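Here are my notes on this entry. Please read them with the structure open.

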Amino acid sequence: MKKVKVLFVCLGNICRSPTAEGVFRKKVLDAGLQERIEIDSAGTSGWHIGEPPDKRAIAAAKGRGYDLATLRGRQLVGDDFRVFDYILVMDRENLANSKAIAPSEFSGCLSLLLAFSSQSRYSEVPDPYYGGDQGFDTVLDLIEDSCDGLLKDIERNAL
Ligand code: 4NP
């Protein structure tokens, strides 16, 4: 059976997209779909290649039962568009930078993650890197909510 492949993308791949990877991994596991859905994350920049997530992201996620400690940063590459079915970005800058390297034949879903959210106050996941700890909780709130919508969409349209 073909797997559905999901990639989360932010700027550094050390705060938002690894958080999304960890949250979505747990939701997929809880739904018993771990054999059907593959999950990864990447950054549009190459600034943190090989690095673990930001300590604040690891701590905030751990507080809600998600383990990010073993994840490592990597950069988004054009080939990702040949591999992944869903590429979910955190903000419009990520979207523009992803579109810029997407091959024209890409036929999957390249979208803001918050397009799958149940709330309408935020359309982008705010970058928490230069802010305080509260920012990482907001990131988790937005990502948990939108990952529920994303999983429903995949179950309905892609499995
Ligand atoms: P992320 O956050 O895109 O959510 O991983 C950032 C991480 C690092 C930097 C900026 C944003 N940075 O400037 O190094």
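This is a predicted model: local features need pLDDT of at least 70, side-chain atom pairs count only at pLDDT 80 or more; totals for chains, interfaces and linings use all residues.

1. Which residues of helix α2 are buried? Helix α2 covers residues 55–62, and its buried residues are Ala 57, Ala 60 and Ala 61. Viewed down the axis of α2, these buried residues fall within an arc of 95°, so they line one face of the helix.

2. The other side of α2 carries exposed residues, Lys 55 and Lys 62. Buried here means under 20% relative accessible area, and exposed means over 50%.

3. Look at the start of α2 next. There, a side-chain oxygen of Asp 54 comes to within 2.8 Å of the backbone nitrogen of Arg 56.

4. Now the ligand. The residues surrounding the ligand include Cys 10, Leu 11, Gly 12, Asn 13, Ile 14, Cys 15 and Arg 16. Trp 47, His 48, Asp 127, Tyr 129 and Tyr 130 are also among the residues around the ligand.

5. Which polar atoms lie close enough to count as contacts? The cut-off for a polar contact is a pair of N or O atoms within 3.5 Å. A polar side-chain atom of Arg 16 is 2.8 Å from an oxygen atom of the ligand. For Ile 14, a polar backbone atom is 3.1 Å from an oxygen atom of the ligand. Asp 127 has a polar side-chain atom 3.3 Å from an oxygen atom of the ligand. Taken alone, the ligand exposes 350 Å², and the protein buries 94% of that.

Note on methods
Residues are numbered from 1 along each chain as its sequence is written. Side-chain values use heavy atoms; hydrogens and water are left out. Buried means under 20% relative accessible area, exposed over 50%, partly exposed in between (1.4 Å probe, protein chains only). Helices (H or I, at least four residues) and strands (E, at least two) are DSSP runs, numbered from the N terminus. The arc is that of the directions from the helix axis to the C-beta atoms. A polar contact is a pair of N or O atoms within 3.5 Å; within protein, one must be able to donate a hydrogen and the other to accept it, and residues adjacent in sequence count only if both atoms are side-chain atoms. A residue is near a molecule or strand if one of its heavy atoms lies within 4 Å of it. Accessible areas come from the Shrake-Rupley method with a 1.4 Å probe; for residues, only the protein chains shown count as cover.
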